[in-house]
Amino acid sequence: MENQEKQRSSFSNSIGFVLAAAGSAVGLGNIWRFPYLAAKDGGGLFLLVYIILALTFGFALLITEIAIGRKTKESPLTAYTKINSKWGFLGILSFVVPFIIYPYYCVIGGWVMKYMFSYLAFQGSVTAADGFFTGFITAQWQPIFYTVLFAILCFIIVYKGVEHGIERYSRILMPVLVIIVLFIAIYSLFITHTDANGVTRTGLQGAAVYFVPSFEGITFKKFLYIILDAMGQLFYSLSIAMGIMVTYGSYMKKEENLVKSVNQIEIFDTGIAVLAGMMIIPAVYAFSGTEGMSAGPGLMFITLPKVFNSLGKFGDFIGLIFFVMVLFAALTSAVSILEAITSSVMDKFKWSRKKSTLVMAASTFVISILVCLGYNVFYFDLKFPNGAVGQILDVLDYASNNILMPIVGLLTCILIGWIAKPKTTIDEITLNGEKFGRKTLYVVMIKVVAPILLFIILLTGLGVI
């Protein structure tokens, strides 16, 4: 074990770890899903609920996974066995989640690249045309081509390893991403638009919709759904229940302050999520009112290009830097997902990084091709238990996010809260004598509150609630 620890790759310092972990957390979910949910769930009310849950529910699950990784110095496939020899099945589930997510994440990353290259070629107005997005994803070869480009970028970074690949690129991409997000968020506030009916709306009015809590039409049931939406978003936002944070925790040096690092990840991630809303909601509100903000996933690929197009030549520039930023966010997250499965097979089968990366990238790429073909050759409509309808990409997304991730989170709480006991992770968290101010909150969350909430999320995903 000691020899294995010496040989194991690690982040050079806490800044490298925080930037890589925050890079994983800041992904496509923050850019399109967070603003959409905030707009749907009463703006500031959703924000308030989300921040409270991030500091309690999210914090408990995030610090637990990182502590498990650092304590065992293993990736998810093998880490849980080190905590309890009978709980190896949880490691398998934690491996399956990122293995399912990575292929379709590459496909969406390819979509982002397509839009970025379109703006780079001064074709921004083309992307705003009705039917452009549908025409692109239903084409047979173009989506595959862009998926290949995105997957190659991810492969190169993971292939180079922890310090020379993931950490080095995170140190470059994350600061640039923050600068771009800040720029667009500030710019969005000053947009003014007068529609065909002569109604003038501004970005500042849109910001008020976003930040000021709205209790209009709020019933107990509606409030419960806002809580469930916020919890579901936390899975996306903090990369929990995906095996990623266990993996990154295993690369964290023992002398680093775990609580401090987790606090920094939370601040970074929540800040970017809030700024993502500031980028998108004021701009969309100015052009489309509150109706335009209900576009869901189509917000990024259908609604926003129309907003950029209406800004004239400057809109092409804004569109370009927006999709560059989204590409950076998608890349840092996709890299962490590929790293979770690559590191798992390295630990389980003692393969080299070179072999592990090649095998994982190749096997997931086959699934990526099927996802692309799910919009043409293998097209079908499948209705899910929660009422949603989708294709192959949606099937993988539903299975991972609505079923497997709540199960992994719930089982992790049971393992640490009741089987191995919270002392297992608390000892790791306070290894160097660090203060753990939220210890009581942590124990209550991991033993009681989080399992109940996760069980409710699972029942919602299964269509029971």
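## A buried pair

Arg-70 is buried, and Glu-428 is buried as well; buried means under 20% relative accessible area, exposed means over 50%, and partly exposed lies in between, with a 1.4 Å probe and protein chains only. The two residues form a salt bridge in which the closest N and O atoms are 2.8 Å apart. A salt bridge here is a side-chain nitrogen of Lys or Arg within 4 Å of a carboxyl oxygen of Asp or Glu. The pair links distant parts of the chain, with Arg-70 in helix H4 and Glu-428 in helix H19 (residues 423-429), 358 residues apart. Helices (H or I, at least four residues) and strands (E, at least two) are DSSP runs, numbered from the N terminus.

## About the model

This is a predicted model, in which local features need pLDDT of at least 70 and side-chain atom pairs count only at pLDDT 80 or more, while totals for chains, interfaces and linings use all residues. Residues are numbered from 1 along each chain as its sequence is written, and side-chain values use heavy atoms, with hydrogens and water left out.

## Other salt bridges

Side chains of opposite charge can pair when their charged atoms come close. The count for this structure comes to twelve salt bridges. One of them joins Lys-222 to Asp-41, with 3.7 Å between the closest N and O atoms. Lys-222 belongs to helix H12 (residues 220-238) and Asp-41 to the loop between H3 and helix H4 (44-72), so the bridge ties together parts that are 181 residues apart in sequence. Lys-222 counts as partly exposed because its relative accessibility is 29%. Asp-41, at 2%, counts as buried. Both residues also belong to a network of salt bridges that links Lys-40, Asp-41, Lys-222 and Asp-229.

Another bridge runs between Glu-339 and Arg-353, whose closest N and O atoms are 2.9 Å apart. Glu-339 lies in helix H16 (residues 313-349) and Arg-353 in helix H17 (residues 353-373), so this pair ties together parts that are 14 residues apart in sequence. Glu-339 has a relative accessible area of 0% and is therefore buried. Arg-353 also counts as buried, at 13% relative accessibility.

## Cysteines

A search of the whole structure finds zero disulfides, a disulfide being a pair of cysteine sulfur atoms within 2.5 Å. Cys-106 is in no disulfide, and the nearest cysteine sulfur, that of Cys-154, is 4.9 Å away. Cys-154 is likewise in no disulfide. Cys-106 is buried at 1% relative accessibility, and Cys-154 is buried at 0%.

## The largest pocket

The largest pocket has a volume of about 1400 Å³. On a 1 Å grid over the protein atoms alone, a cavity is a set of points where a 1.4 Å probe fits but cannot get out, whereas a pocket is an open set with protein on both sides within 12 Å along at least five of seven lines; lining residues have an atom within 4 Å of a point. Of the 49 residues that line this pocket, the closest to its centre are Trp-32, Arg-33, Tyr-236, Asp-397 and Asn-402.

Helix H3 (residues 28-40) gives the most to the lining, with eight residues. The lining divides into 29 nonpolar, 15 polar and five charged residues.

## A serine in helix H13

Ser-250 is in helix H13 (residues 244-250). Its relative accessible area is 1%, so Ser-250 is buried. A polar atom of the Ser-250 side chain lies 2.5 Å from the backbone oxygen of Thr-247.

Key: Points joined across faces, edges and corners; volume = space filled by probe spheres on them. Nonpolar A, V, L, I, M, F, W, Y, C, P; charged D, E, K, R; others polar. Polar contact = N/O pair within 3.5 Å; in protein donor to acceptor, adjacent residues only side chain to side chain.
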